[in-house]
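This report concerns the structure shown below. Please consult the sequence and the coordinates alongside the text.

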Amino acid sequence: MIVVMKAGSPETEVVRLTEEFETWGLTPEKIIGKHKVVIGLVGDTVALDPLQIQETSPWIEEVLRVEKPYKRVSREYRHGESSDVIVPTPNGSVKFGEHHPLVVVAGPCSVESEEMIVETAQRVKAAGATFLRGGAFKPRTSPYAFQGHGESALGLLAKAREATGLGIITELMDAADLDALAEVADVIQIGARNMQNFSLLKKVGAQDKPILLKRGMSATVEEWLMAAEYILAAGNPNVILCERGIRTFDSKYTRNTLDLATIPVLRALTHLPIMIDPSHGTGKSEYVPAMSMAAIAAGTDSLMIEVHPNPKKALSDGPQSLTPERFDQLMQEMSVIGKAVGRWIDESELAIA
Ligand code: PEP
Ligand code: MN
């Protein structure tokens, strides 16, 4: 249930109401929107009468029920406004959200060596990316495939961060690695295979680093949003949703089916920022540019693109990785679409700022 306060409501009234709702056994959450303050009420609200709540204060504009099974992540919970995930990085804050320029995250599937990750970081930064991705812990289908260099790779990511100032996104698979990983990651990735690892979701929900929650390979949009709800319910409001392709009947020509329709669907259902991963979404580097541009045109807030200095020699996901040269060219191609939809920062504007 949400309680929408009238514009200009005094803070003392918001506090008084919050305390009163607590005495009813509810968990009130104050949400400050652009124009209004909303109090989200979580708990057993079934027996509550919205009209009765309305009468508790003349400053209440309306009381609405959130009918969806997911509450905190629903668009209604923020009274229709979108939320931003603002991530501090050495190069300044990077803002993920509907009303911000597109954020491009690029880098290899796995961190392979210091030279490789630092070089890739420098190349993707020069092309215009603001985040570096790279796995230290890799979820591989085969136990005999390269599993990532583990904790030592976290140190290499730290070096790439130091060398370039790029923000770092890397995947957490095991809660035991959370503290070490959170020391270097600016955003923690929960991969497709762990989307419904509820104990892991609760743990990352109980810490402060923003979370990139990838869609499970066979997850419905509702299951995905319920997974995000776990993170918000545990106290972490900073979640970005990443579509990375789903399993369908046809996997002959692409690794997965990239569900770009999730962009408008998520926009309607949730306030959380959206990311598209065309690399895992298609599995083939030659299809990545078209899907990247389609995702921008459809309104994504960010993109995650795998880039490797030598894809043929990559220890994981080489076939879907772009070379740094192709990535650089793609950034220029994407800028045309990005500018057309008002989601691209012009180099010349950057120079003035
Ligand atoms: C990855 O980002 O390299 C990865 C393993 O992604 P996903 O969880 O989407 O398969
Ligand atoms: Mn990968």
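His 280 counts as buried at 7% relative accessibility, and Cys 109 counts as buried at 3%; buried means under 20% relative accessible area, with a 1.4 Å probe and protein chains only. The model is predicted, so local features need pLDDT of at least 70 and side-chain atom pairs count only at pLDDT 80 or more, whereas totals for chains, interfaces and linings use all residues. Residues are numbered from 1 along each chain as its sequence is written, chains are lettered from A and ligands numbered from 1 in the order in which they are written, and side-chain values use heavy atoms, without hydrogens and water.

**Metal site**

The manganese ion (ligand 2) has protein donors lying 2.0 to 2.4 Å from it; donors are N, O and S atoms within 2.8 Å of the metal (3.2 Å for Na, K and Ca), and sites may look incomplete because water is not among the atoms.

| Donor residue | Donor atom |
|---|---|
| Cys 109 | SG |
| His 280 | NE2 |
| Glu 306 | OE |
| Asp 317 | OD |

The spacing of these residues in sequence is C-x170-H-x25-E-x10-D. Cys 109, in the loop between strand 7 (103-107) and helix 3 (114-127), and His 280, in helix 9 (residues 278-282), are 171 residues apart and link distant parts of the chain. Helices (H or I, at least four residues) and strands (E, at least two) are DSSP runs, numbered from the N terminus.

An open, antiparallel sheet is formed by 4 strands in the order 2-3-1-4, where pairing requires at least two DSSP bridges. Its edge strands are strand 2 (27-32) and strand 4 (60-64).

Notes:
Buried means under 20% relative accessible area, exposed over 50%, partly exposed in between (1.4 Å probe, protein chains only).
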